[in-house]
Amino acid sequence: MKITETEVRYVAGLANLELSDAEVVKLQADLSGILEHMDKLKEIDTEGVEPMAQVLFDAGETATLRADIVEPPLGNQPALANAPQPGAGYFKVPRVIER
Amino acid sequence: MDIPSLTIDAVREGLLARRFSAADLAAEALRFAEAENPRTAAYLHFSPERALATARRVDQRIAGGEEPGPLAGVPMAVKDVIVTQGVRTTCGSKLLAEYIPPYDATAVERLEEAGAVLIGKTNCDEFAMGSSNENSAFGPVRNPLAPDRVPGGSSGGSAAAVAQGTAVFALGSDTGGSIRQPASFCGVVGVTPTYGRVSRYGLTAFASSLDHIGPFARSVKDAATVLRVMAGRDLRDSTSAEAPVPDYSALLDGKVKGLKLGLPREYLKELTSETGALIHAAVDVYRSLGCEVREISLPATEYAIACYYIIATAEASSNLARYDGVRYTFRSKQGETLSDMYRNTRGEGFGAECKRRIMLGTYVLSAGYYDAYYLKAQKVRALIARDFARAFQEVDAIVAPVSPFPAFRLGEKVDDPIAMYLSDIYTITGSLAGIPCMSVPCGITAGGLPVGMQLLTGHFAETTMFRLADAFERTRI
């Protein structure tokens, strides 16, 4: 499966990733090679096989649920401590314009 | 005090006999680790305040006649993808160069409660993506046994720290081999437990359905002790397992007679190298210990690489979406609007391998490709898991290589991502099935490089795995 330059730029847009022209060229080559290898999966018959989304073990249906009790949250200050631009108890961001 | 030769038992004995205090040991271990670090760059930063605080707590417990904990005073290193409250956690990324976590990972919390002393945080491939540690934004780690070679990855710093002797044990994370492969390259024990055996709370997510925390140590017994302390249900990780945690190290008696071992035909047929010879020699040791060895088949193996790199990158692309310049320290100075800021932050912040995987993961999840790649890979994953389930009806454990080759030279494979991915073949299958697997040193090549043997067992059968590893280790000492 070859991937085109247009597709590379489209996918970078989906991933919110700014790429230089040189990166686009390199990724087009790398991804094409990797996807070619992945085409190998077409060889194997998976008719009737349930997809495995998670490693599952025998357990009760509610085994993963904890009691519904409110616990103290992280708190505003610790949550904001690593923000590049905190302000008035919020995360500040540049102006929002619809794409 | 000879720091590199310390074991968990030796530290305990020394503390209880009052030959040294935990505070003295912590100070000496820190001094040694800082002095040794320029040789390998195994550590990204040290945590002296935290180390001394824990050590003093251990000393107070001992002075008060209390049980100081199963890991009292033991120097540990923690991979820098595992969060530590108040101690910088970078994930090997420029994006998190200044990130100070507001909480501790459950594994770290449990180990410190048991008395372990955090020396520092170890270098790794950016967001644990890599097989050589060359993808760290802060520079590569050198293999302590061969400084022109890689320590393996992505937990290269943790493996190097234990091999170098600056920590008695270290934590790594394993998604497709990131504990076992560096353990093999550095000649130490490395354990990937059953998926869900150790809480992932506080492990920076790479591929959530495949991520594990596990220990590195210089002996099987020490690795088993560390796993026991951190294993078990954690309400903060809904995928952590309820299954009871055995006292693994108390069950190591060297007796493995009658255990059935499987050798996967698909793994060994092409392995004619020195690595293959060392694995075969190890299998002969098991025969001499009374194990029954038979050939088994894991037919879906040849699809494992494609399957893994679809699932892992798909999950990574969504897990890494959170690094957008809003919450986690780094924000690009370029860009007038919010969406420009997102794109520039991520473009400037992520290294080449992370970008490659984000792109691949986004592609396989994108409209029109989901069924052909992601859904197909999940079905193949089920077949790989089924192969193992069938094998474990026949045998108690599987013996396999860890890596097709020993530690390679720095720079040797950086330009060929596919070759790098293909080298993960023997570790990826166990990761996809979610079964416990470990690397145990099994010999040295003519060139002086260590080689690890991989042992794999069924879900939650870590005890059998450790017993086999320990029995083999006893024949080497």
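# Questions on a predicted two-chain model

Me: Which residue in β8(B) stands opposite Gly262(B)?
Reply: The model is predicted. In it, strand β7 (residues 260–264) of chain B pairs with strand β8 (residues 292–296) of chain B, in the parallel sense and over five bridges. The residue of β8(B) that stands opposite Gly262(B) is Arg294(B).

Me: Which element gives the largest share of the side of chain A that touches chain B?
Reply: In the contact between the chains, 46 residues of chain A meet 59 residues of chain B. Two or more residues on the chain A side come from each of α1 (5–14) and α2 (21–38) of chain A. The largest share is eight residues, and the element that gives it is α2(A).

Me: How many nonpolar residues does the side of chain A that touches chain B have?
Reply: Sorted by class, this side of chain A has eight polar and eight charged residues. The number of nonpolar residues is 30.

Me: Why does Val380(B) count as buried?
Reply: Val380(B) belongs to helix α13 (residues 370–394) of chain B. A residue is buried if 20 or more other C-beta atoms lie within 10 Å of its own. Val380(B) is buried because the number of other C-beta atoms within 10 Å is 26.

Me: How far apart in space are Val380(B) and Tyr303(B), C-alpha to C-alpha?
Reply: Leaving aside residues up to four places away in sequence, Val380(B) touches Leu41(A), Ile44(A) and Thr46(A), as well as Ala300(B), Tyr303(B) and Cys307(B). In sequence, Val380(B) and Tyr303(B) are 77 residues apart. In space, from C-alpha to C-alpha, the distance is 7.4 Å.

Me: How many residues of helix α5 (residues 156–164) of chain B are buried?
Reply: Helix α5(B) is mostly covered. Its buried residues include Gly156(B), Val162(B) and Gln164(B).

Me: What is the omega of the peptide bond from Gly153(B) to Ser154(B)?
Reply: Ser154(B) is in the loop between β3 (117–122) and α5 of chain B. Most residues other than glycine have a negative phi, and most peptide bonds are trans. The bond from Gly153(B) to Ser154(B) is cis, with omega near 5°.

Me: Is Phe127(B) buried or exposed?
Reply: Phe127(B) lies in the loop between β3 and α5 of chain B. Its phi is near 50°, which is positive although the residue is not glycine. With 29 other C-beta atoms within 10 Å, Phe127(B) is buried.

Me: What is the phi of Asn16(A)?
Reply: Asn16(A) is placed in the loop between α1 and α2 of chain A. Asn16(A) counts as buried because it has 21 C-beta neighbours inside 10 Å. Its phi is positive, in a residue other than glycine, and is near 50°.

Me: Which element of chain A has the highest mean pLDDT?
Reply: Chain A has a mean pLDDT of 91, and 96% of its residues reach 70 or more. Among the elements of chain A, strand β1 (residues 86–87) has the lowest mean, 93. The highest, 97, belongs to α1(A).

Notes. Residues numbered from 1 in each chain as written. Chains lettered and ligands numbered in written order. Predicted model: local features only at pLDDT ≥ 70, side-chain atom pairs only at ≥ 80, totals over all residues. Contact = placed C-beta atoms within 7 Å. Helix = DSSP H or I, 4+ residues; strand = E, 2+ residues; numbered from the N terminus. Nonpolar A, V, L, I, M, F, W, Y, C, P; charged D, E, K, R; others polar. Pairing = 2+ DSSP bridges. Buried ≥ 20, exposed ≤ 12 C-beta atoms within 10 Å, placed from the backbone. pLDDT = per-residue confidence, 0-100.
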